[in-house]
Amino acid sequence: MTARTQSRQIIVTVSDDNHLPVTGASIELKTSTAGVSDSTGRYIFRQVSPGPYEVKVSMQGYKTVVKTGVLKSTDISLIIRLHPESHTLQGVVIQNNTTAKRKKEAMLNMDIVKADFIQQHLGGSLMQSLQRLPGVKTIGIGSGQSKPLIRGLGFNRVVVLDRGIKHEGQQWGADHGLEIDQFAVQEVEILKGPASFAYGSDAIAGAVNIKRPPLPAPHTFGGDVNLIGKTNNNLLGTSINLYSRTEKWMTTARFTIQDYGDYKVPVNRLYIYDFAVDLHNHYLRNTAGRETGIHLNTGYTSDRLKSIFYLSNTYSKTGFFANAHGLEPRQVNTVMHDASSRDILNPYQRVNHFKALNHTSLTLNDHQLELETGFQNNLRQEYNHYVNHGYMPAIYPDSLNIPRNLERAFDKNVYSLNLRDHIKAGHHQLEAGINGEIQNNAIDGWSFLVPAFNQQNLGAYLYDKWKVSEKLLVHGAMRYDHVHLAMKKYTDWFPSTTTENGHTQQEYLVRADHVNRSFNSITGSLGVNYNTNHWELKGNVGKSFRVPIAKELGANGVNYHYFSYEKGNAQLKPEESYQLDLGATYDNSTVRVQLNPFFNYFPNYIYLNPTAGHDYFYGAGNQIFEYAQARVMRYGGEVQVKYQPWENLSAEALGEYIYAKQLSGDKKGYTLPFSPPASVLFNITYKPVHTGVFTHTYLSVDYRVTAAQNNIVPPEKKTDGYTLINLQAGTSFPLQGQQIDLNLQLQNALDTRYLSHTSFYRLIGLPEQGRNLVLSVRIPFSFKPAAQP
């Protein structure tokens with residue numbers, strides 16, 4: 001028998017402490033050639049002669065593992081788990097070769113964070129956990145409802161992608177938080193700068209790309225339990241994860257539940273438009289909530305074909321601050337609200353978001369085809385006591401086919417499809433794709449703000465990354481988009497008294513009329529990257545666009561969370577942006593300096609313009625704001641400096657600055673509303689090397705200095721500057737053969753009273769939450785896989 005017929009295979013699969021594949025690990029077999037693990041963590045040594053063998057696996061940031069044995073008459077499968085080095089840095093950006101290469105070669109400035117960063121800086125929502133990054137902020141109300149703000153732009157100017165599909169909720173409202181379970185997030189890319197060429201309309205400011213979680217390593221079965229507690233709002237929560245994988249089939253499941261009470265602020269009395277509101281023991285009455293998340297992922301994977309289904313349902317019931325909702329001049333039953341800090345009374349909202357997604361990829365020679373399909377349903381309902389305005393009946397009519405306490409409801413169905421082809425052609429990496437989306441949006445309730453509408457989006461793009469040399473990359477992209485929006489007519493359910501030519505009559509007023517608009521746009525981008533051993537340089541110029549949304553075109557009602565009466569403009573044109581983004585990074589073993597300046601010019605920025613009028617029929621005297629367009633110039637940037645004199649000690653400074661100016665319109669010469677003030681965060685982190693059984697131990701202090709925001713748009717008020725101190729500590733220790741992760745935070749350590757300029761509650765002088773101690777514990781578990789032949 002020849003040596004060829006006697007040869008066997010050694011299949012090596014590399015995973016980390018979380019049983020996730022490690023890509024890029026160096027794998028060496030004594031007396032054989034070396035290899036590198038692929039995206040599944042696997043490498044196969046073929047045609048190996050029987051006899052003794054030695055396999056060595058190494059990876060930057062992990063301890064080297066050596067396995068020895070004897071290869072007999074059958075193939076063998078080795079599952080090798082890598083454990084991080086005790087001095088591995090746990091910074092904002094994960095420092096392995098793959099991540100560093102992605103950042104270096106990306107067209108736009110990008111931050112990449114993983115689950116450990118989220119655990120170390122856990123906030124009330126995913127975006128609040130990420131706003132430690134420079135250039136990233138949140139806009140919203142309270143401790144849980146928040147939207148991403150990238151370089152001062154938010155709402156429908158930032159795209160959120162979840163596992164490749166554009167997340168579609170009610171992006172237009174600050175009180176509508178992202179329906180994302182942050183415990184289910186393994187990795188996030190934050191793209192700073194216009195990304196319309198890849199994602200179409202709404203990516204004019206950037207994108208938050210929640211990546212698909214890596215598949216479990218073959219022949220593994222286990223999971224983890226996350227426990228969390230917070231003192232400010234007495235939050236208790238848990239998230240339980242399970243995973244299982246055979247050779248080619250995998251299944252994962254997660255269940256998350258959080259229950260919290262009213263949150264505290266460092267004051268006992270507020271003055272809301274000169275009306276004194278006393279708080280009971282610092283609690284904001286009726287801001288309690290409950291949240292649940294259910295996730296199921298299952299699918300098939302092989303060397304060429306991978307198809308994974310993602311099912312999820314997130315639900316939340318949260319209260320609105322009773323003394324501020326709509327600023328109604330009515331008596332709030334403080335005794336009833338203050339009886340319990342955990343009850344949820346009127347006004348409150350229920351939000352349910354269901355997703356069914358699929359991602360399928362097929363590798364054919366130099367082509368990698370990807371197909372993403374998805375269905376989403378977002379149902380948001382606001383409940384409140386019936387309060388009549390204008391000519392609304394004083395007593396709610398029993399004949400009205402709307403629940404008595406249903407103030408508003410928004411029901412959105414979304415069907416999505418993305419098709420991409422990644423092509424390798426010599427020194428060119430091409431990507432061609434099409435995106436399609438259909439939205440059906442219905443409304444309900446006895447109050448009106450935004451009309452029902454249907455929308456269809458279709459786009460196609462071509463992107464080329466040309467590797468001119470080992471140091472130089474050139475990027476080019478072109479995209480075409482077509483969007484059709486059809487808004488539905490809305491007529492009041494009650495008659496109003498009108499007078500025309502001296503004649504008084506009763507009529508049902510039309511609040512929004514039929515509107516059919518189609519938008520077409522061609523956008524493009526050109527960029528260059530130049531990388532050396534210590535320097536990373538990049539530049540990008542291009543054009544992006546955003547179509548006006550239904551609220552901007554057809555709003556006609558009270559926005560209770562902006563404390564205004566809003567009127568849309570059906571003649572608005574698509575928003576365009578011409579941008580220049582630059583980046584320069586110097587990195588050696590001790591110092592890393594990164595500077596990312598940008599410049600934007602909008603010839604027709606869509607702007608909510610305050611007027612001198614007030615609405616007393618529907619808006620209870622609220623000031624009228626009308627959507628308009630103006631030329632706008634914006635510039636600014638982020639800077640990051642990290643100094644690490646020793647492997648266990650580092651100091652870092654993260655700064656950001658934004659300047660905006662309107663060049664035309666009623667507010668010419670002023671900035672834009674909710675423009676973030678300049679700020680800088682100073683950090684010192686100590687990671688002791690010798691801690692016995694404890695590993696990955698860290699002690700960290702954040703000191704944030706935020707400048708006053710005096711550059712405002714009337715009737716905005718100026719916001720004072722402030723300083724905050726946050727403390728973080730954590731460690732890992734073994735228990736029953738598993739590594740337990742423990743993280744502790746003390747947020748707003750000095751219980752500082754301050755106003756965030758990007759918070760809607762800032763409009764009524766309501767400060768941010770006070771001191772908050774956050775404890776999170778992660779307990780992994782695993783079971784030994786069945787023996788492999």
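**Figure 1. Aromatic pairs and an aromatic cluster.** Rings of Phe, Tyr and Trp (its six-membered ring) are taken as paired if their centres lie within 6.5 Å, with planes under 30 degrees apart called stacked, over 60 edge-to-face and the rest tilted. The count by this rule is 19 aromatic pairs. One aromatic cluster is made up of Tyr-386, Tyr-396, Trp-446, Trp-493 and Phe-494. The model is predicted: local features need pLDDT of at least 70 and side-chain atom pairs count only at pLDDT 80 or more, whereas totals for chains, interfaces and linings use all residues. Residues are numbered from 1 along each chain as its sequence is written, and side-chain values use heavy atoms, with hydrogens and water left out.

**Figure 2. Charged ends over aromatic rings.** A charge sits over a ring if NZ of Lys or CZ of Arg is within 6 Å of the ring centre and within 35 degrees of the ring normal. Lys-317 places its charged end over the ring of Tyr-348, 4.8 Å from the centre. Over the ring of Phe-674 sits the charged end of Arg-762, 4.9 Å from the centre.

Figure 3. Strands (E, at least two residues) and helices (H or I, at least four) are DSSP runs numbered from the N terminus, and two strands pair if DSSP finds at least two bridges between them. Five strands in the order 8-14-15-12-13 form an open sheet of mixed pairing. Its edge strands, strand 8 (109–114) and strand 13 (165–166), each pair on one side only. Strand 8 runs antiparallel to strand 14 (residues 187–192), joined to it by six bridges; Val-113 stands opposite Val-188 of strand 14. The loop between strands 13 and 14 contains His-167. His-167 counts as buried (under 20% relative accessible area; exposed is over 50%, partly exposed in between; 1.4 Å probe, protein chains only) because its relative accessibility is 3%. Beyond neighbours within four places in sequence, the contacts of His-167 (heavy atoms within 4.5 Å) include Glu-179, His-353 and Lys-355.

**Figure 4. The largest nonpolar core.** A nonpolar core is a set of buried Ala, Val, Leu, Ile, Met, Phe, Trp, Tyr and Cys residues joined through side-chain atoms within 4.5 Å. Among the 39 residues of the largest one, Leu-270, Leu-279, Leu-284 and Phe-321 touch the most other members.
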